[in-house]
Amino acid sequence: MASSMRSLFSDHSRYVESFRRFLSHSTEHQCMQEFLDKKLPGIIARIGDVKSGIKILSIGGGAGEIDLQILSKVRVQFPGVHINNEVVEPSAEQITKYKELVAKTSNLENIKFAWHKETSSEYQNRVMEKKVLQKWDFIHMIQMLYYVKDISATLKFFHGLLATNAKMLIILVSGTSGWDKLWKKYGSRLPQNDLCQYITSSDLTEMLDDLGIKYECYDLLSTMDISDCFIDGNENGDLLLDFLTETCNFNTTAPPDLKAELMKDLQEPEFSIRKEGKILFNNNLSFIVIEA
């Protein structure tokens, strides 16, 4: 691996911008929305004790867009019931955005928010020190398990925090996605970063099976338009390529042979499809619902 290649996580502002481009060029949030609209109401139908209110724990809640969608579904399902929504999120910047979103969103009466600026493992350590385990009616981890060191221990811990009839929702890339192929083939040749690890739903369900935890897994189709990646000097394409490879300025720092091979692969059917003149990378998502 060329020494000039460095992890995208080493340049925070470029990472944030490349992630923003990813969201605007993919159906990621639309795919999540479809799941929340069609599947979530049935999943949360029996959570919680309506007398004492419903307790929701968001791990890696980010800027809150998906969290608020989830809360709106819970409110519809349990009108007038008090909801306690606690958020664990390590980025102060994201927490600020989340608070701004809450401030300008209507219909949040009966919902109490609390934010904790910490990672999931820091939360876990804090809870363990208290020796009083707060039980939750709904826990969700959306696209965040990549940033956890010991995933199996994390799953076991949070599963232990589920109250009677509670559910846990995990969203991450599917084992059928282009990400799975990309990471398996190129992971060892791209900048390694201890902040992030390659994991798909296939790895996760294997861990859950080993732990003896019951779950259901739903796969939904999602794509990311990477057409701009094949236009020389296209800033948008360069940022999307950085996001795909988790490499800062991949286009200008990757060894020519690695770049040529990867760019060719990205156009192959196991990575992408061609539709209406566009190259659409397979961004399929898995929604894993865990029972108490």
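User: Take a disulfide as a pair of cysteine sulfur atoms within 2.5 Å. How many disulfides does this rule give?

Analyst: This is a predicted model, in which local features need pLDDT of at least 70 and side-chain atom pairs count only at pLDDT 80 or more, while totals for chains, interfaces and linings use all residues. Residues are numbered from 1 along each chain as its sequence is written, and side-chain values use heavy atoms, with hydrogens and water left out. The sulfur of Cys31 has its closest cysteine sulfur in Cys217, at 12 Å, which is too far for a bond. By the rule, the number of disulfides is 0.

User: Is Cys217 buried or exposed, or partly exposed?

Analyst: Buried means under 20% relative accessible area, exposed means over 50%, and partly exposed lies in between (1.4 Å probe, protein chains only). Cys31 has a relative accessible area of 3% and is buried. For Cys217 the relative accessible area is 37%, so the class is partly exposed.

User: Within what arc do the buried residues of helix H9 fall?

Analyst: Helices (H or I, at least four residues) and strands (E, at least two) are DSSP runs, numbered from the N terminus. In H9, residues 201-211, the buried residues are Ser201, Leu204, Thr205 and Leu208. They line one face of the helix, because seen down the axis of H9 they fall within a limited arc. Taking the directions from the helix axis to the C-beta atoms, that arc is 95°.

User: Which exposed residues does the face of H9 turned away from its buried side carry?

Analyst: The buried side, including Leu204 and Leu208, packs against helix H7 (151-159) and the strands S6 (162-173), S7 (215-220) and S12 (285-291); contact here means heavy atoms within 4.5 Å. On the face turned away from that side, the exposed residues are Glu206 and Asp210.

User: Which residue other than glycine has a positive phi near 55°?

Analyst: Asn165, in strand S6, has a positive phi near 65° and is partly exposed at 33% relative accessible area. A residue in the loop between strand S9 (247-248) and helix H11 (250-253) is partly exposed, with a relative accessible area of 28%. The residue with phi near 55° is Asn249.
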